[in-house]
Amino acid sequence: MPQHTASRLRWPLLAAPIAGVLILAGCSGGGADDGGNSNGDGGDTAAGFSLMVAQANDQDDYWGETAAKYTEQTGVEIEVIPYPSDAYNTQVTTQLQAGNAADMMILAPGTGQPISVVNLAEAGFLEPLNETSAATIPAGTEAEYTYDGSIYAQPAALVPVGFIYNGPGGEEAGIDEYPGTYEELLEACTTARDGGKTFTVLAGGVPFNTGLFSMLVSATRVYAETPDWNEQRAAGDVTFTDSGWRDVLEDVIEMNEGGCFQDGVAGGTFDSITQGIGSQSSLTAAVPGSAASSIAAGTGLDLTVQAFPPADGGEPYTLASANYAWAVNAASEDDVKASAQEFLDWLATPEEAQAFADLSGFVSISGATADNLLPIYEPIGDLLENGDYAGLPNATWPNPKVYESLGVGVQGLLTGQKTVDQVLEEMDAAWDS
């Protein structure tokens, strides 16, 4: 019987990893073989099941902790199978195609990635979910979870994406406050270099991170002024080549030439980010906001989440969306699928939605308010409360090739092997393919 295997993950220079992460070998396509487990009252629990998740570091165990909480309350065993973030997409698609994927998995809403919900639902890999799951979907994003009239995933939380920022480290380097404009950011890059640091650490060798960084820049360069840019591109009214996306890529080149990134940025990995932030040799990194919580917990650093600065005269704007969604494997046994839906029903309750947001460092899927935001989000709290943010742009791009062209293209900009025109033309070609 095929087994799931996964290696433990390390974030160098952080505190010792959390003990007890569940990494168990288990059978596929039917969950853990414990459908007849007995609870403390002598009754039978629902069928157990397996859950595969992406995990960037050992502190990043909110999926496993949530599963353990559910097991403690219900007696239902959940086998949590973590994979390194940079390998997760491949693991999900490969195992689904081979028929040995876990009973549940964490996916990306929409169509823009290989593990996007709509793509996998269309391929027949996902099980339709019930009305309780449907009720958790933020208004206006239903299409990112729907195929042929059915809902196929349940959003986990609202995930702000920004620059995690080490303010005290910046002060040590001579930066009194986070830059309010892009022009001030370029000045801060010089100041940081003079102080023995770099302003930003980028995993330049990982298309996922170069793409994420570029989308963060696009918040003020594209979506602040044109929130419906993706819809306009779908209608053929705009292109990447003749829009604010050109400013995004030109900013990447200018930041690289201005010494904003760490030395050797083109070969940077996720370890570069954790080492750079953890050692305080770099002050910022473009990552999901929850990373600020996990890195702060591991290092004791006072980190916050900041928006990428607008160009002079522009308005602050950032990214936040339901980047992660729970989904159920259509190939699992019926009793396992029913048990997985019960777990999702539990997660959909207001108290558990907020508990997951607090544990993960995200924002409750019900929305951001002054009362439910974690302190790390204070700098962007007004943006989140007022709705001054866009969802991740690639969620509604028509296929994964567009995002791949962006991430790989930015790598080429960092090495000098591509021009801005080439990258934009490749993105347009990928959109139209």
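**Exercise 1. Find which residues of helix H6 are buried and which are exposed, and where the buried ones lie around the axis.**

Step 1. Tyr182, Leu185, Ala188, Cys189 and Ala192 of H6 are buried. Buried means under 20% relative accessible area, exposed over 50%, and partly exposed in between (1.4 Å probe, protein chains only). Helices (H or I, at least four residues) and strands (E, at least two) are DSSP runs, numbered from the N terminus.

Step 2. Look down the axis of H6: the buried residues fall within an arc of 110°, so they line one face of the helix. The arc is that of the directions from the helix axis to the C-beta atoms. An α-helix has 3.6 residues a turn, so residues three or four places apart point the same way.

Step 3. Glu187 and Asp194, on the other side of H6, are exposed.

Step 4. Strand E7 (159-166), strand E8 (198-200), helix H7 (207-223), helix H9 (245-257) and strand E9 (282-288) pack against the buried residues of H6. Contact means heavy atoms within 4.5 Å.

The model is predicted: local features need pLDDT of at least 70, side-chain atom pairs count only at pLDDT 80 or more, and totals for chains, interfaces and linings use all residues. Residues are numbered from 1 along each chain as its sequence is written, and side-chain values use heavy atoms, with hydrogens and water left out.

**Exercise 2. Check the span of helix H6.**

Step 1. The expected span is 1.5 Å times one less than the number of residues.

Step 2. H6 (residues 182-194) has 13 residues and should span 18 Å.

Step 3. Its end C-alpha atoms are 19 Å apart, which agrees.

Step 4. Just after H6, glycine 196 takes a positive phi of about 85°.

**Exercise 3. Locate the disulfide and say what it ties together.**

Step 1. Count pairs of cysteine sulfur atoms within 2.5 Å. The count is 1 disulfide.

Step 2. Cysteine 189 is joined to cysteine 260, S to S 2.0 Å. The link is right-handed, with 105° about the S-S bond.

Step 3. Cysteine 189 sits in helix H6 and cysteine 260 in the loop between H9 and helix H10 (270-278), so the pair ties together parts 71 residues apart in sequence.

Step 4. Cysteine 189 counts as buried at 0% relative accessibility. Cysteine 260 also counts as buried, at 0%.
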